[in-house]
Each structure stands twice: as C-alpha cells, then as structure tokens.
Amino acid sequence: MNIKQEWKERGFIDEPIDEQMDLKGEIKRLCREKDAIILAHYYTVGEIQEIAHFVGDSLALARKAAETEARVMVMCGVHFMAETCKLLSPDKTVLCPDLTAGCSLADSCGADDLRQFKADHPGYQVISYVNTTAAVKALTDCVVTSGNAKRVVDSFPADAKLIFGPDYNLGNYINSVTGRQMLLWNGGCHVHEKFSVAEIARLRRLHPDAIVMAHLECKAPVLALADVKGSTADMLRYAAEHPEQRQYIVATEAGILHELERTCPEATFIPVPPEVTEGGPACSCNECEYMKKNTLRKIYLTLKYGWPTVEIDPAIARDAVKPIERMLKL
C-alpha cells in the first residue's frame, strides 16, 4: 500500500511536519494561495476558531461560505457539516480535515432505516434536524435547526402527520411547546445526553446568581432546570444582550466557551460536566471527540494536498438540497 492509499484508508493525511513550523502562518499563506476559507464550528478547539474566516453553527457556516467568492472551503467540524457545505456550494471544493470525524446523532439515523420507517407510516411528512447525512436529507420534506425548529414545525398544518428525527430530545421539546404529537425518531447526541442533572443542581447552589443555559439536544430533566433553552447561537446572543449578567452555567459542548468568553470577557462561564460513570469523578467539561479530531496540523496538510474532499452522489444531492431550500423559504 502506497502512502496516498494509506491516507485514504485512514481518512486523513498522516504526514510528519516540522515541529518548528508556524502552522497558523502557513495555513493563512495556503488560504491566500489556494483561494480558500476556513470554517470552524463553535465546538472545535479555540486555536482553530482563532484562524477561521467564519465561526458558527453548521448551517450558518455553509450559507456564509456559499456567499463568498472563495473556490475552496475547509469545513472544521464533522462530516455531515462538510456535506451540507457541498450541497449549498456544489461547484466549490469542500475539504474535510478528517473524514472520520463523524457524528453520533447523524449516525443514529441511517437512510435505509428512515426509508423503512417512512414506508411503515404512509401519509407522514419527515422533518429532519440539520444534523443528518445528505442521504437522510434526501428522504426529508423539510430540514430544521435547533434555532428555528419550532417556527418550521408551526408552519405545518395543525393536523399534519409528522415524523421528526433524528434527535429525540429536540423533537420532544418541540412537541411540548407546540402541543404536537409528532412521531419521534429515537436518536441523540452522545455529548448532550450525558449532562448531569445533579451537577447542575450542585452548581446552582454554589452560584445562585448564575443563569443556566442548555442546548435543546439535552434531555428533558436538564432543560427543565435551564433558564435559557436554545441553540449555541441563542446562547451567544443571550449572553451578548445581557452584559449585566456575570455568571452562566452552560450545558452544551465545551468548545462554545471559547466564543462566549471572547464575546463576553467580563462574564464567567461554568461548563456542566457529564454524569459520573464507572465510579469515577466527574470531569470538568463535556467534549465531542469527533470535533476534536480537527487540528491545525490536519488543516495545514489538507490545504497543502487539497484532500480529503467531500463529494455527494448527484442523485442524492439533487433531493437533499430541496428540504434545505424549503426551510430557507420559510
């Protein structure tokens, strides 16, 4: 097996580089040379967010990249996010620093399984969270984000028969605030499902003036304790609009703390740890190991070699972009 074939087997380039190299400087140089932009999700490490042209949620990044003239985009997030970039920018080159950076939520709903579920429930329309593969989007009637899910669901007739997936917790929350009875796919994010209710209660006792913020992918008992419930963008917006508030307890992936601390340097943000497992102590934060597969070294090598690229079968892409377009029209 030659070295390039080995890279393809691994899903990322594993070439040694000079430890003295100014990686950030070289990445910026390659971006200029190759007309490329760096997109970083809020859950990537801080040093990646610092070199990115755009930092944000997955769909917002894909939309922003599509508006630029750049020919190449490097999506520092997880694989389905790179697919979404390709769906909205089919004529551009989309690079993914590590193809093995998957997503437990997207993986919880396979296209074949959803196809069978639709067949078992004729007459139902499918609303899918944006955290899904292109193949699942192709079987979907409308896509939602955590920030607009309620508005999109409200746009459907009250008697519409709806399947919502794959995030059960988000769907359950939308059912609770709309009075709907959508059929919920039993999927979830392995990070957001692990937040400890007991730790939130303990932190509130220690910090009685703190505001608790929780992502809608969290379980119902966690959301019940939250003062602010929403997407990562909602959390950032709330903190920015309330400069008088000085303490927050945050239940979402810990990467968001970098942007929260950058935009609100006077406030203190306390991450909620996951539940204690196997008798061990709770760690101080809850991180996604897939997001953390993005590194400066991989970004540099991805730009240097123009690989790994993300491609989508044209037949799938044709159908997968439609539910995104429907959402944007709404």
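This is a predicted model: local features need pLDDT of at least 70, side-chain atom pairs count only at pLDDT 80 or more; totals for chains, interfaces and linings use all residues.

Colleague: In which sense does β1 pair with β3?

Modeller: Strand β1, residues 36-41, pairs with β3 in the parallel sense, over five bridges. Within this pairing, methionine 75 of β3 is the bridge partner of leucine 39. Strand β4, residues 93-95, also runs parallel to β3, and three bridges join these two strands. There, methionine 73 stands opposite valine 94 of β4.

Colleague: What do β3, α5 and β4 make together?

Modeller: They make a β-α-β unit, which is right-handed; its helix, α5, spans residues 79-88.

Colleague: Let us turn to the loops. Where is glutamate 15, and is this residue buried or exposed?

Modeller: Glutamate 15 lies in the loop between α1 (3-10) and α2 (23-34). A residue counts as buried when its relative accessible area is under 20%. Glutamate 15 has 18% and is therefore buried. Its side chain makes a polar contact with the side chain of tyrosine 305, at 2.4 Å. Leaving aside residues up to four places away in sequence, glutamate 15 touches Trp7, Arg297, Leu301, Lys304 and Tyr305.

Colleague: Why does serine 146 count as buried?

Modeller: Serine 146 counts as buried because its relative accessibility is 11%. This serine is placed in the loop between β6 (142-144) and α9 (149-154). Residues up to four places away in sequence not being counted, serine 146 touches Tyr129, Leu170, His215, Leu216 and Ser231.

Colleague: Finally, how many disulfides are there?

Modeller: A disulfide is a covalent bond between the sulfur atoms of two cysteines. The test used here asks for two cysteine sulfur atoms within 2.5 Å. By this rule the count is zero disulfides. Consider cysteine 142: the closest cysteine sulfur belongs to cysteine 109 and is 16 Å away, so the two are too far apart for a bond. Cysteine 142 counts as buried, at 0% relative accessibility. Cysteine 264 also counts as buried, at 10%.

Note on methods:
Residues are numbered from 1 along each chain as its sequence is written. Side-chain values use heavy atoms; hydrogens and water are left out. Two strands pair if DSSP finds at least two bridges between them. Helices (H or I, at least four residues) and strands (E, at least two) are DSSP runs, numbered from the N terminus. A crossover is right-handed if, with the strands pointing away from the viewer, the path from the first strand over the helix to the second runs clockwise. Buried means under 20% relative accessible area, exposed over 50%, partly exposed in between (1.4 Å probe, protein chains only). Contact means heavy atoms within 4.5 Å. A polar contact is a pair of N or O atoms within 3.5 Å; within protein, one must be able to donate a hydrogen and the other to accept it, and residues adjacent in sequence count only if both atoms are side-chain atoms.
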